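Hi,

Here is the structure I said I'd pass along.

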Amino acid sequence: MFKQLWAVSLMSLQTLPQRIGASSVIVIGIAGVVAVLVSVLAMGAGFRHTLADSGREDRAIILRGGSDAELNSVLTRSDIDTIGNAPGIAKDADGKALLSSEIITVVNLPKKDTGTDANVTLRGVGLKLTEVRPELKIAAGRMFRPAVRELIAGVGAAGQFRGLEVGSVLHLRNADWTVTGLFTSNGDIHESELLADVDTVGSSIARSAYSSAVALLASPAAFTEFKDALTTDPQLKVDAQREPAYYAAQSKDLSKAINVVGNTVAVIMAIGAMFGALNSMYSAVAARGLEIATLRAIGFGALPVLLSVMIEAVFLSLLGGVLGALLAWALFNGHSVSTLGGAFAQVVFKLTVTPTLLVTGIIWACIIGVLGGLFPALRAARLPVADALRAA
């Protein structure tokens, strides 16, 4: 049987150039399905990667108790003072707590590609910013000065929005702000933001309270002690989370939505590609009717014929899957996009085509090939020899 299967399969694949039109329908159709699937899922992977890089295990974010995001949290100056004295927080050389009190607000900036306004986060940060977030580096220009309407822009935001060049002046919140520098932050969510002095931002929006506090801990193990001290203090009503846990929760809903949309679109396209494969493989079986009948007449079994048709369908689908995966990687991997991220304003991130997504796309292609080749293969195996010879 295996010798017959090898002979029939080899003959089937060798005749593919003679059926290039029908074969191309399968390859191109499945390539389109895989390219769309991988590119859409790459959005979710890129978004999760951006938010995952935003957190460190030895850094905690403190919000008002019951708040699930910085935008709806309020901390008083008294809260900040108490948090800074909690055990487990890291200290600088002068013994001061490495704590950044922060204010979050949203401003509008025009996008480069469309010119339409979009929300961008303006984050007021404390003087301990670079010690609390050592990954933040100035890529161009200089750091903003406190008590002056100056800001620095993340390189992600600068790539998506107009007016964020070093030296530019932005009219935000009824005041002019000067962009003094661009910064990188290991590709995390903060590269989508504008950073300025917390008190200056607070005065510009007439707000004396803070949105959150970010604390660098003495060690990851110190988090439990730090959190217990805050949550058991009767003067406070706050909640402390490790940064990775906070950003994972913020990205959960959007990542789920992206995956649902991606899989739904892929299923719809896969159904179309499967019917295309069915039609093409039925045509291939009809075109090879005399060949299949001759093979059966000289002693070839029905099973090798059935499997040879299945192998041809899977082979064409595999070619389409590989082509679609390569197209998705070449066209979309690393491409910057921005999206609304639930509790966030516009989040700039890069599509990330991972090896897992490439393998997933190819597996989808093979499944389509199996389903699309099954019924034509059964027809070929059941084709009566006499009827096929008379028809030829």
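**Around Ile62**

Setting aside neighbours within four places in sequence, Ile62 is in contact with Leu75, Ile83, Ser212, Ala213, Ala215, Phe226, Leu230, Val238, Asp239 and Ala240. Bear in mind that this is a predicted model.

Ile62 also turns up in the largest nonpolar core, which has 42 residues. Together with Leu164, Leu194, Phe226 and Leu230, Ile62 is among those with the most contacts inside that core. Apart from it there is another core, this one of 40 residues, including Val214, Ala273, Ala328 and Leu357. As background, nonpolar side chains in soluble globular proteins tend to be buried together.

**Strands 6 and 7**

Strand 6 covers residues 169–172, and strand 7 covers residues 175–184. The two pair in the antiparallel sense, over four bridges, and they make a hairpin with two residues between them. In the turn, Arg173 has a positive phi of about 55°.

Which residues of strand 6 sit on the covered face, and which on the uncovered one? Leu170 and Leu172 are on the covered face, while Val169 and His171 are on the uncovered one. Leu170 has Trp177 in strand 7 as its bridge partner.

Cheers

How values were computed. Residues numbered from 1 in each chain as written. Predicted model: local features only at pLDDT ≥ 70, side-chain atom pairs only at ≥ 80, totals over all residues. Heavy atoms only, no water. Core = buried A, V, L, I, M, F, W, Y, C linked by side-chain atoms within 4.5 Å. Buried < 20%, exposed > 50% of the residue type's maximum accessible area, 1.4 Å probe, protein only. Contact = heavy atoms within 4.5 Å. Pairing = 2+ DSSP bridges.
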